[in-house]
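Here are a few exercises to work through with the model open beside you. Try each task before reading its solution.

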Amino acid sequence: MSDKAESCDDREVALSPTHENRKGGWITFPFMLVTTGGLMLGGAGWMSNLVVYLINTYHVQKIDAVQISTLIHAFFNLFPLFAAIIADSFLSCFTVIWIFGFTSLLGTVVLTASTIISSLKPPECPEGTQSSSCTPTKLQFAALYAALTLATVGLGGIRSSISTMGANQFRKQKHQGIFFNWYFITSYMAHVIAQTVLVYVEDNVSFKCGFIICVVANSIGLIAFLSGTRFYSFANPKGSPFTTLARVLVASVHKRNLELPEETNVDRFFIGDDEKHPYHGPPSTAFKFLNRAAVKSDGDVNSNGLVEKPWRICTVQQVEDLKSLLKMIPVWTTGIILLVPIGALLSFTVVQAMTMDRHIGKKFQIPPGSMNVVVLFSCTIAIALVDRLLYPAWKKTAGKPLTPLQKIGVGHVVTVLGMAASALVEYKRRNAANSAVGPISVLWLIPPLLFMGVAEAFHYPVTAQFYYQEFPANLKNMATALSAVLIAIALYVASLIIELIRHVTAWLPNNDINKGRLDYVFWVLFGLGLLNYGYFLACASAYKYQNCGKPPKNDDKLHH
């Protein structure tokens, strides 16, 4: 963001691991962008229209298709964490990208094959025929789920590694910032093209043609990535940060009966030699139980100051790193319910659009899977407006900038308002569909989607930035991965809520939402959003910034 007082952009951040060579630089820039565009387009091309594909081709019941799509998106956001651990601990970003890039390609090829090979193609269901008589075989479902698993694992595996490896090609933070900007622009454009052009091809030409384009895009991305091999700067695996955190917990439990020394007795604590951010004092009093992990006992450290028992002794800095994460957990959990309505709405929007008048003029019909592109467009425009106009205007008027948590709080409010708008629009859609009026225009879905896009502009970039800046310096990569994990957990929670509503109410009939009460579901999510906003206010009020929100050293210079 553009405000130094709240963004902490003027502070130095340790980003780059030790490199094996001195290659890299701007010559790698086009390779990384083509890789990003190709792989993201190849993945988003099938994922954006998955609900329609399952309903129309595999005759899956509508709510079941929504649930499958939600779980696929959840796993797509969860897997980057595991891929980051693999890249950091065992392999490298380069190896992870080409392995999972190939996995994504293989999954997309199998998905495409299911539209070409007759034994893998589900039977067509003539209009007016009960879908139960056209049920796909076990082999066809097995091919489908194998394809979705491979494609999702592959796409999730490359998601965080591409951005990390791309940034590692540059040594200056300014150049890394330029890369990140273009990385997100390329990724967003790939999703926009997928949700418009590819979805239109799949709906109006054939899914076979659309999936073939996905295979071609994925192949181009993978070839572009491997073509730049001789120019890349390669980073050594540097170990998982989770190992260090686990060591603190294990050492604390092992020494649970050890009496804590006085805070003034600094010599009893193991300071170690942390080159990045040395912590020379005694541990803080918060989560005092963990301080035992840094208390030296016989045999923990040798005469040269080297650790003899790594699972019995940790540095004070390592203990404080874990404490920093624990302090952020309450604020982090508020993001789960914040994202639940967004995940549910984006899936149900496709089902709603399938029941509405999608004509623009006499010939053109908006594909149902393209409606969610409104969120991308509105979020992109809103980010530019709030960053360049709203935040500076607020600072000028109030005399101080909005803090990160205040910005996230605005996102909470707009999300709640968006769910109310969704409930009202659904009420109108259902009443019209069940009356002589008939289906209303699909354009009625735009206002709720605009709310969600604007809400995302307030909370999503700031949330990612907030975690990145508040996390300890040696856990920055985990901060970006945990942002994706937050989305994954929210989508799983959304799926559980929907499944619970299906079992205890009649609001979500499988095949005809006109006979249900989807508006009631949106009101339930509205209520959850209100409760979560109250919880967020309590957590935000109690939270004390560790890095952000502190007075900068040079307030008159903005960093973009």
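**Exercise 1. The chain as a whole**

How much accessible surface does the protein chain have, and what percentage of it belongs to carbon and sulfur atoms?

*Solution.* Keep in mind that this is a predicted model. The accessible surface of the protein chain is about 25,300 Å². Carbon and sulfur atoms hold 64% of that surface. Next, turn to burial: of the 560 residues in the protein chain, 51% are buried. Finally, take the contacts with a separation of 6 or more: 82% of them are between residues 24 or more positions apart.

**Exercise 2. Two aromatic pairs**

Classify the geometry of the ring pair Y232 and F234, and then that of F348 and F522.

*Solution.* The whole structure contains 25 aromatic pairs. Start with Y232 and F234: their ring centres are 6.3 Å apart and their planes stand at 80°, so this pair is edge-to-face. The cut-off needed here is a plane angle over 60 degrees. Now check the cover of each partner. Y232 counts as buried because its relative accessibility is 0%, while F234, at 22%, is partly exposed.

Move on to F348 and F522, which are also edge-to-face, with 6.3 Å from centre to centre and 80° between the planes. F348 belongs to helix α10 (residues 316–354) and F522 to helix α15 (residues 518–542), so their pairing ties together parts 174 residues apart in sequence. Both are buried: F348 has a relative accessible area of 1%, and F522 has 0%.

**Exercise 3. A serine in a helix**

Is S252 buried or exposed, and what does its side chain reach?

*Solution.* First locate S252 in helix α9 (residues 241–254). Its relative accessible area is 0%, so S252 is buried. Then follow the side chain of S252 to the backbone oxygen of L290, at 3.4 Å. To complete the surroundings, leave out residues up to four places away in sequence: S252 then touches F289, L290 and A293.

Conventions:
Residues numbered from 1 in each chain as written. Predicted model: local features only at pLDDT ≥ 70, side-chain atom pairs only at ≥ 80, totals over all residues. Heavy atoms only, no water. Buried < 20%, exposed > 50% of the residue type's maximum accessible area, 1.4 Å probe, protein only. Contact = heavy atoms within 4.5 Å. Areas by Shrake-Rupley, 256 points an atom, 1.4 Å probe, with all protein chains shown as cover. Phe/Tyr/Trp six-rings, centres within 6.5 Å; stacked < 30°, edge-to-face > 60°. Helix = DSSP H or I, 4+ residues; strand = E, 2+ residues; numbered from the N terminus. Polar contact = N/O pair within 3.5 Å; in protein donor to acceptor, adjacent residues only side chain to side chain.
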